[in-house]
Amino acid sequence: MENSSRGIPRKKLYIIVAVVLAIVVLIAVRLAADNSSPTMTSSNAPPPVQKYTLGDTVTVGEYTFTFSDFKVTEGSDSKIVAINGSVSNETRNPITVYTSLIELTDGLNTFTDASNTIISGGLNPGLTQSGTVTFEIPKTSDNLRIVVRDNPFGGGESARIYLEDTQ
């Protein structure tokens, strides 16, 4: 029985409730599907991590780095790691090379350079600046890796170049 003075007719009310419930069920099903763990396929698998070693040419952003060799000198409380290398500008525009683009890590600690003759500020297109980056690190540090990055303030691209025989 429909009573227009009391609001919405009962038949229309049942239809509205049914539609609202159907929408709620569809939303719940969609949310449940989105929260399920995805399966790895070749399209969403992370890219393999490239392992670089001395002699490899590594490009991060606008910078191309090559490190050829290194020498470790033992001190009384620390050791000095001197790494010979270069940075190249293979772009069409001048770039600024910052000292914080090159760091050394042992996996636990990150070390900044104590002396750096590779970094010279601006680097014009097609040019390479070579030199030595020197780090003073604790005697206990081993398993050393050079970290190069394209952003001196963090973030961006980075790569690790593994040094051998640094224990």
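This is a predicted model: local features need pLDDT of at least 70, side-chain atom pairs count only at pLDDT 80 or more; totals for chains, interfaces and linings use all residues.
## The five-stranded sheet

Let's start with the strand order. The open sheet runs S1-S12-S11-S6-S7, and its five strands pair in a mixed fashion. At its edges lie strand S1 (52–53) and strand S7 (110–111), each of which pairs on one side only.

S1 joins S12 in the parallel sense through two bridges, and here Tyr52 stands opposite Ile161 of S12.

## Strand S6 and its neighbours

S6 pairs with S11 in the antiparallel sense over four bridges, while two bridges link S6 to S7, again antiparallel. Thr105 is a handy landmark for both pairings: Arg145 stands opposite Thr105 in S11, and Thr110 is the bridge partner of Thr105 in S7. In the hairpin of S6 and S7, four residues separate the strands, and Gly107 has a positive phi near 95 degrees.

Both faces of S6 are covered, with Ile102 and Leu104 buried on one side and Glu103 and Thr105 buried on the other.

## The largest nonpolar core

Now for the core. It has 27 residues, and the members touching the most others are Phe65, Phe67, Ile102, Leu104, Ile146 and Val148. Strands that each supply at least two core residues include strand S3 (63–74), strand S4 (78–89), strand S6 (102–105), strand S10 (128–138) and strand S11 (145–149).

Leaving aside residues up to four places away in sequence, Val148 touches Phe65, Phe67 and Ile102, among others. Its contacts also include Val58, Val60, Leu101, Glu157, Ser158, Ala159 and Ile161.

Notes. Residues are numbered from 1 along each chain as its sequence is written. Side-chain values use heavy atoms; hydrogens and water are left out. A nonpolar core is a set of buried Ala, Val, Leu, Ile, Met, Phe, Trp, Tyr and Cys residues joined through side-chain atoms within 4.5 Å. Buried means under 20% relative accessible area, exposed over 50%, partly exposed in between (1.4 Å probe, protein chains only). Contact means heavy atoms within 4.5 Å. Two strands pair if DSSP finds at least two bridges between them.
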